[in-house]
Amino acid sequence: MVFATFAAAAHMQHLVPLAWAMRAAGHDVVVASQPDLIEEITGAGLAAVEIGADLRLSEQIGDKGMIAEPSGGPALDFVALTDLSCSQPERTTYDYLHTAFTVLSMCVYPALSSERAIGDLVDFARDWKPDLIVWDTMTFAGPVAAMATGAAHARLMFGMDMLGLARQRYRAILASRPPGRREDPVAEWLTPLLDVYGCRFDEQAVVGQWTIDPLPAALRLPVDLHYLPMRYVPYNGPATVPSWLWRESSPTRPRVCVSLGVSARDLLGGDQVSVRELLDGVADLDVDIVATLDAGQLGDSPSVPDNVRVVDFVPLNALLPTCSAIVNHGGSGTFLTALSHGVPQVIVPDMMWDTPQTAEWLEREGAGLCLPANGGLTAATLREAITRVLSEPSFAGRAEEVRRGLYGAPAPRDVVPALERLTAAYGGR
């Protein structure tokens, strides 16, 4: 089987446990991506296939999510223009969704799955003849290659299915419009790519034949698609557990992790919150802080509080079992790893994809708190939130209940038989 993802380490890490499970079950497994992700793939012990040219996503995306407009116009804030959450009435109109899908189809999707990358994956699939292609929900080289070669194919979600929800709403709106006014930017982009291989566009090219969903069932959106639940298993990339972590695995006072993830600093040119506010917010607390920040994020900060240990990277899967709380941006890897360890969270959403929705859900569940992003964070509000999460036992109790609930979903190895059955049912269509 083939896993396909664009060259972003955070997205690749979501597929690794399932790829390991398929490999352990005796299946041949490769991971296809642009050359600049190959080292990450092989570092996970998986075979890699290069498709397309280096993606260099950080060069395509400027400061805090600004992306160049192909026609040479002003840079676009695609984080704002491509919010597919449908969380507010004004985001479910034809005009709004049409604009979002236009920006995605012009600027984002073609960058992540170039014609060359698609052609390379089709050529590889024709030669290797995989029965199944599992693709990251933003990597459309996967469904094109599957449809061109007759392989079964499925999406692997990294967060809530915003795309599935927005497509369902948008297609319903299109069906109500006059026949001559049913423009679909995604279909217009994919149709000529599929035509090259003698395939006709249909919605499976956007949402797959089925979808593998690693999120808690409570976060599944009301979308009429076939979902295959799978328990999230953390994988943080190749890492060494530092000696200070295992020597101090039982700290004498509460330990709090502060992490803004790697996507913002590596891909988006900066974080959505002030690192200075974060550090000021924890400076006077009687806690040990482990902050996963690099030199670029610290910037010209004159000092770091005495209770803060700054590390460029530490595997969260090893760190979080020693923590009483985590402050984070809501990114799916960090959010789900914290859920997996039953650690209460204080989330300052970075506004990417589903982070506002998952943060609000966490607060409703009583397993953490959601703070304002986009300049609304202050040292005082952060200090108050951390103090509440640490001092009120209900947060730890609810976080542990959520963790136990996650184990109701099948682990990756237990999903393998279902994937085998679905592959046999869908293959060759």
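Is Thr337 buried or exposed?

## Basis of the report

This is a predicted model, in which local features need pLDDT of at least 70 and side-chain atom pairs count only at pLDDT 80 or more, while totals for chains, interfaces and linings use all residues. Residues are numbered from 1 along each chain as its sequence is written, and side-chain values use heavy atoms, with hydrogens and water left out.

Thr337 is buried, with a relative accessible area of 0%, where buried means under 20% relative accessible area, exposed over 50% and partly exposed in between (1.4 Å probe, protein chains only). Thr337 lies in helix 16 (residues 332-340); helices (H or I, at least four residues) and strands (E, at least two) are DSSP runs, numbered from the N terminus. Not counting residues up to four places away in sequence, Thr337 touches Tyr232, Pro234, Asn236, Leu316, Asn317 and Leu320, contact meaning heavy atoms within 4.5 Å. Asn236 is 101 residues from Thr337 in sequence, and their C-alpha atoms are 9.1 Å apart in space.

His11, in helix 1 (residues 9-24), is also buried, with a relative accessible area of 15%. With residues up to four places away in sequence not counted, His11 touches Thr5, Phe6, Asp136 and Phe158.

## Helix 5 against helix 8

The axes of helix 5 (residues 94-112) and helix 8 (residues 162-175) come within 10 Å and cross at roughly 125 degrees. Axes here are lines fitted to C-alpha atoms, for helices over the stretch in contact, and angles run from 0 to 180 degrees between N-to-C directions. The two helices, helix 5 and helix 8, are therefore oblique to each other, since angles under 35 degrees count as roughly parallel, over 145 as roughly antiparallel, 65 to 115 as roughly perpendicular and the rest as oblique.

On the helix 5 side, Tyr94, Leu97, His98, Phe101 and Tyr109 meet residues of helix 8 that include Leu163, Arg167 and Tyr170.

## Nonpolar cores

A nonpolar core is a set of buried Ala, Val, Leu, Ile, Met, Phe, Trp, Tyr and Cys residues joined through side-chain atoms within 4.5 Å. The largest has 106 residues, and those with the most contacts inside it are Phe3, Tyr109, Leu190, Trp210 and Ile212. Helix 5 supplies the largest share of this core, ten residues. Apart from this core lies another, of 26 residues, among them Val282, Ile289, Val308 and Val348.
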